[in-house]
Amino acid sequence: MFNLLTPALPVPAAATTALVCLEGVSKTYANGVQGLKEVDLTVNRGEFLWISGVSGSGKSTLLKLLYGAEKPTAGRVWVDRQPVATLRSHALANLRRRIGVVFQDYKLLPRRTVAENITFVLKALAYGRPEIRRRLWPTLKIVGLESKADCFPEQLSGGEQQRVAIARAVVHTPLLLLADEPTGNLDPTSTAMVLEILHQLHTVGVAIIITTHDQTLLDRTAHRIIHLEQGRVVS
Ligand code: ADP
Ligand code: MG
């Protein structure tokens with residue numbers, strides 16, 4: 001694969017200044033399906049960006065390339081100056097400490113309390129008890145769930161579970177929060193609450209990249225929107 005005769009490609013300026021830089025990125029899955037096609041994209045530090053598109057248009061694929069869950073089959077991806085696709089596992093783990101991820105289906109640990117779900121990552125990162133407490137309570141406050149710290153996920157509504165998932169994703173103070181259709185399973189009230197929390201995080205400097213297929217959310221935003229169709233950025 002690696003050809004010593006191929007000169008190294010120059011690194012674009014945005015890769016060293018912007019938070020996210022994609023250059024000519026395509027993703028073809030093993031079964032031949034093209035998830036993304038020749039995507040160029042720059043996302044600035046602290047930006048709030050929507051990625052819209054119908055189901056199957058490549059939204060999740062794009063986010064997966066950003067946190068290194070998938071590798072591009074062509075092109076290059078940088079996040080916080082790191083070439084995501086070519087990082088070794090240790091460097092990738094380091095980069096992931098600067099990223100938080102939220103999914104449509106929350107993905108909480110069912111046998112752990114709210115507090116345990118949120119602090120699990122910190123324990124895995126070998127934070128001490130005082131630091132864990134120092135981070136847990138303000139994070140619970142941001143998502144309005146201080147009174148639910150000892151509840152189990154099944155005792156919470158969908159909206160509350162998603163707020164726990166957001167707390168878990170930001171408790172280690174990431175630079176970038178990736179939210180993949182975070183309101184896809186929520187009623188309008190819970191949706192508004194989740195978006196309010198994301199906006200609050202944005203105002204304290206966290207860059208947010210959020211996907212949706214819901215036009216009503218896009219109609220109400222003042223932030224940048226990119227639109228995917230069959231794996232291509234069309235606007
Ligand atoms: P979206 O999140 O916008 O619904 P996805 O990024 O999940 O879109 O998928 C884009 C395309 O790639 C779809 O055609 C989907 O079926 C395909 N795809 C996604 N993941 C895989 C995979 N692991 N293997 C094969 N095809 C996949
Ligand atoms: Mg998806």
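Trainee: Where is arginine 111 placed?

Mentor: Helices (H or I, at least four residues) and strands (E, at least two) are DSSP runs, numbered from the N terminus. Arginine 111 sits in the loop between β6 (99–102) and α4. One caution first. This is a predicted model: local features need pLDDT of at least 70, side-chain atom pairs count only at pLDDT 80 or more, and totals for chains, interfaces and linings use all residues. Residues are numbered from 1 along each chain as its sequence is written, chains are lettered from A and ligands numbered from 1 in the order in which they are written, and side-chain values use heavy atoms, with hydrogens and water left out.

Trainee: Is arginine 111 buried or exposed?

Mentor: Buried means under 20% relative accessible area, exposed over 50%, partly exposed in between (1.4 Å probe, protein chains only). Arginine 111 has a relative accessible area of 76%, so it is exposed.

Trainee: Which residues does arginine 111 touch?

Mentor: Contact means heavy atoms within 4.5 Å. Not counting residues up to four places away in sequence, arginine 111 touches Glu116 and Phe152. Proline 153 is 42 residues apart from arginine 111 along the chain, yet their C-alpha atoms are separated by 7.9 Å.

Trainee: How many residues has the largest nonpolar core?

Mentor: A nonpolar core is a set of buried Ala, Val, Leu, Ile, Met, Phe, Trp, Tyr and Cys residues joined through side-chain atoms within 4.5 Å. The largest here has 37 residues. Ile118, Ile166 and Leu177 are among those with the most contacts inside it. Helix α6 gives the largest share of this core, six residues.

Trainee: With which residues is isoleucine 118 in contact?

Mentor: Leave aside its neighbours within four places in sequence. Isoleucine 118 then meets Leu136, Leu140, Val164, Ala167, Arg168 and Val171. Another core, of 28 residues, lies apart from the largest one; Leu49, Val79, Ala207 and Ile226 are among its members.

Trainee: Which polar atoms lie by ligand 1?

Mentor: A polar contact is a pair of N or O atoms within 3.5 Å. A side-chain N or O atom of threonine 61 is 2.5 Å from an oxygen atom of ligand 1. For glycine 56, a backbone N or O atom lies 2.6 Å from a ligand oxygen atom. Tyrosine 29 places a polar side-chain atom 3.4 Å from a nitrogen atom of ligand 1.

Trainee: Which helix gives the most to the shell around ligand 1?

Mentor: Helix α2 (residues 59–66) does, with three residues.

Key
A polar contact is a pair of N or O atoms within 3.5 Å; within protein, one must be able to donate a hydrogen and the other to accept it, and residues adjacent in sequence count only if both atoms are side-chain atoms.
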